[in-house]
Amino acid sequence: MVTRRRVLTQGLQAGAALALGGFAGRCLAQQTPPSHADEMIINSAPHARTGALLPATPTPAVLPKETQAVSGANSLQAHASKHGLVAGTAVVVRALQHDPAMQQLIAEQYGVVVPGNELKWVALRPAQDQFNFTDSDALFEFAKTHHLLVRGHTLAWHNSVPEWLQKSPKELDVRKLLVDHIHTVAGRYSGRVHSWDVVNEAILPADGREDNLRKSFWFERIGPDYIDLVFRTAHEADPHAKLTYNDYGVEYDNPDETARRAAILSLLRGMQKRNVPLHAVGIQSHIKAGSPSTIGKGLADYIESVRQMGLEVYLTELDVNEDDLLFNDVAERDKEIAKTYRDFLTVALANPTVKSVLTWGVSDRNTWLNDGPTHFRKQPNRPQRSLPFDEAYRPKETFFAMRDCIDARKA
Ligand code: G3I
């Protein structure tokens with residue numbers, strides 16, 4: 001096996017330290033031994049040497065040798081399963097279908113997948129009287145073939161309400177429509193879903209309500225009890241799935257997120273009082289490199305409060321937005337991004353009630369942070385390097401940071 005140490009040694013012998021890229025160069029200078037036998041030289045692509053813009057690279061036809069070296073016993077899932085965790089990722093089904101290398105990478109690295117879009121209302125409901133299960137069925141087939149668990153995402157989210165529904169007349173019985181939708185969708189996959197993000201992002205203190213509920217489409221058309229309704233209906237439709245409340249903005253120690261954590265806990269306590277079926281809380285984990293806020297007591301206390309309520313916690317959409325890093329060098333950025341993962345996972349994984357860690361994508365080739373309707377890059381000429389594998393599907397420092405944090409977990 002070619003280890004990082006061996007590559008570095010060879011590089012030193014050849015006097016080619018600079019050609020190995022910034023990260024390797026730093027290791028050489030520091031004479032730091034690798035912490036893993038399988039840690040390969042990373043960031044050795046031409047752009048890594050210069051910090052220049054990423055070239056548009058073709059989809060890799062096969063997994064590079066660096067990636068093969070971290071498969072099997074060295075994979076994220078192999079490490080996770082030894083520490084009471086499942087490792088996973090979001091997938092984009094249509095991209096996956098044309099990408100055998102990505103299929104192999106997901107099958108080798110993870111134990112659970114979540115469709116990034118394919119179970120949302122906008123994807124499933126082209127019209128009031130239509131369901132389109134083509135892509136979601138394909139995802140379940142893929143998971144079955146590779147013995148992966150599936151998370152469902154999501155039954156009610158303000159940001160995935162089809163246009164025909166937003167424009168529907170006031171007379172439309174939206175409550176009945178929602179209940180029927182859940183019976184059809186959660187019922188179709190009943191027994192095959194590990195956990196459902198039943199309601200997504202229902203809290204928004206800025207909307208000014210005493211209960212901090214977001215004034216979403218569902219809220220406006222059904223009322224505040226839509227949340228209980230969705231959970232109760234999901235439980236009827238799939239009594240096996242762990243029903244999860246999923247939200248963002250709970251990771252940092254700052255006044256905004258302190259308020260969001262308190263509001264979510266209050267919502268969950270109310271649901272428990274009303275005997276609403278609820279099994280888990282999703283922490284989306286969209287974190288930022290170079291954030292002025294720190295990750296620490298607020299997140300730790302939040303997770304512990306959830307544990308004391310008898311609920312599990314899933315880290316559901318982990319990635320790092322690096323827009324605010326002021327330097328361009330790829331190796332330096334990767335180091336900072338990996339550190340951000342470490343800072344977060346060290347706190348989050350310390351609590352045994354955290355049972356899974358999923359990133360929102362596998363490779364920098366497919367991240368919502370490289371433009372889309374929910375995010376536009378502040379630095380349009382600098383694609384984000386937010387995920388554990390690079391655009392050529394090589395493991396980055398982030399991959400090893402994740403694995404280290406999993407291994408450090410006492411739970
Ligand atoms: O597939 C269609 C394509 O056929 C069409 O030509 C194109 C034109 O707009 O749209 C494509 O669909 C887009 C889809 O992403 C796939 O790329 C949708 O318009 C677009 O709305 C969708 O954005 C997704 C966004 O949620 C909104 O649903 C992102 O991919 C997805 O990563 C993001 O995920 C959310 C989580 O669900 C909740 N938490 C935050 C997270 C990031 O915003």
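Glu-118 is buried, with 22 other C-beta atoms within 10 Å; a residue counts as buried if 20 or more other C-beta atoms lie within 10 Å of its own, as exposed if 12 or fewer do, and as partly exposed in between, the C-beta atoms being placed from the backbone. Glu-118 is found in the loop between strand 2 (112-115) and helix 8 (121-124), where helices (H or I, at least four residues) and strands (E, at least two) are DSSP runs numbered from the N terminus. When residues up to four places away in sequence are not counted, Glu-118 touches Val-93, Ala-123, Asp-135, Ser-136 and Leu-139, two residues being in contact if their C-beta atoms, placed from the backbone, lie within 7 Å. Val-93 is 25 residues from Glu-118 along the chain, and the C-alpha atoms of the two are separated by 7.5 Å.

The model is a predicted one, in which local features need pLDDT of at least 70 and side-chain atom pairs count only at pLDDT 80 or more, while totals for chains, interfaces and linings use all residues. Residues are numbered from 1 along each chain as its sequence is written. The chain holds 17 helices and 9 strands, and 49% of its 411 residues count as buried. Of the contacts in the chain with a separation of 6 or more, 79% are accounted for by residues 24 or more positions apart.

Two further residues illustrate such contacts. Asn-246, which is found in strand 5 (residues 242-247), is buried, with 24 other C-beta atoms within 10 Å. Leaving aside residues up to four places away in sequence, Asn-246 touches Thr-154, Asp-197, Asn-200, Gly-282, Gln-284 and Thr-316; the C-alpha atoms of Asn-246 and Gln-284, 38 residues apart along the chain, are separated by 6.7 Å. Glu-201, by contrast, is partly exposed, with 19 other C-beta atoms within 10 Å, and is found in the loop between strand 4 (195-200) and helix 12 (217-222). Its contacts, again not counting residues up to four places away in sequence, are with Trp-157, His-158, Arg-214, Asp-247 and Tyr-248. Between the C-alpha atoms of Glu-201 and Tyr-248, which are 47 residues apart along the chain, the separation is 6.8 Å.

The ligand is surrounded by Gly-116, Asn-117, Lys-120, Asn-159, Ser-160, Asn-200, Gln-284, Glu-317, Trp-368, Gly-372, Pro-373 and Thr-374, a residue being near a molecule or strand if its C-beta atom, placed from the backbone, lies within 6 Å of it. By class, this shell has 2 nonpolar, 8 polar and 2 charged residues, where Ala, Val, Leu, Ile, Met, Phe, Trp, Tyr, Cys and Pro count as nonpolar, Asp, Glu, Lys and Arg as charged, and the others, Gly among them, as polar. Asn-200 and Gln-284, both in the shell around the ligand, are also among the residues that Asn-246 touches.

Helix packing was examined for two pairs. Helix 16 (residues 330-348) and helix 17 (residues 397-408) pack at an angle of about 20°, with their axes 8 Å apart; axes are lines fitted to C-alpha atoms, for helices over the stretch in contact, and angles run from 0 to 180 degrees between N-to-C directions. Helix 16 and helix 17 are therefore roughly parallel to each other, a description given to angles under 35 degrees. The contact is made by Asp-334, Lys-335, Ile-337, Ala-338, Tyr-341, Arg-342, Leu-345 and Thr-346 of helix 16 and by Glu-397, Thr-398, Ala-401, Met-402 and Cys-405 of helix 17; by class, it has 7 nonpolar, 2 polar and 4 charged residues.

In the other pair, the axes of helix 11 (residues 174-188) and helix 13 (residues 226-237) come within 8 Å and cross at roughly 35°. Residues in this contact include Leu-178, Val-179 and Ile-182 of helix 11 and Leu-229 and Val-230 of helix 13, and the contact has 8 nonpolar, 3 polar and 1 charged residues.

Some backbone features also stand out. A cis peptide bond, with omega of about 5°, joins His-153 and Thr-154, and Thr-154 lies in strand 3 (residues 149-157). Asn-275, although not a glycine, has a positive phi of about 60°; this residue lies in the loop between helix 14 (255-273) and strand 6 (280-283) and counts as exposed, with 9 C-beta neighbours inside 10 Å. Ser-285, also a residue other than glycine, has a positive phi near 70°, but with 24 C-beta neighbours inside 10 Å Ser-285 counts as buried.

Notes. Parallel < 35°, antiparallel > 145°, perpendicular 65-115°, else oblique.
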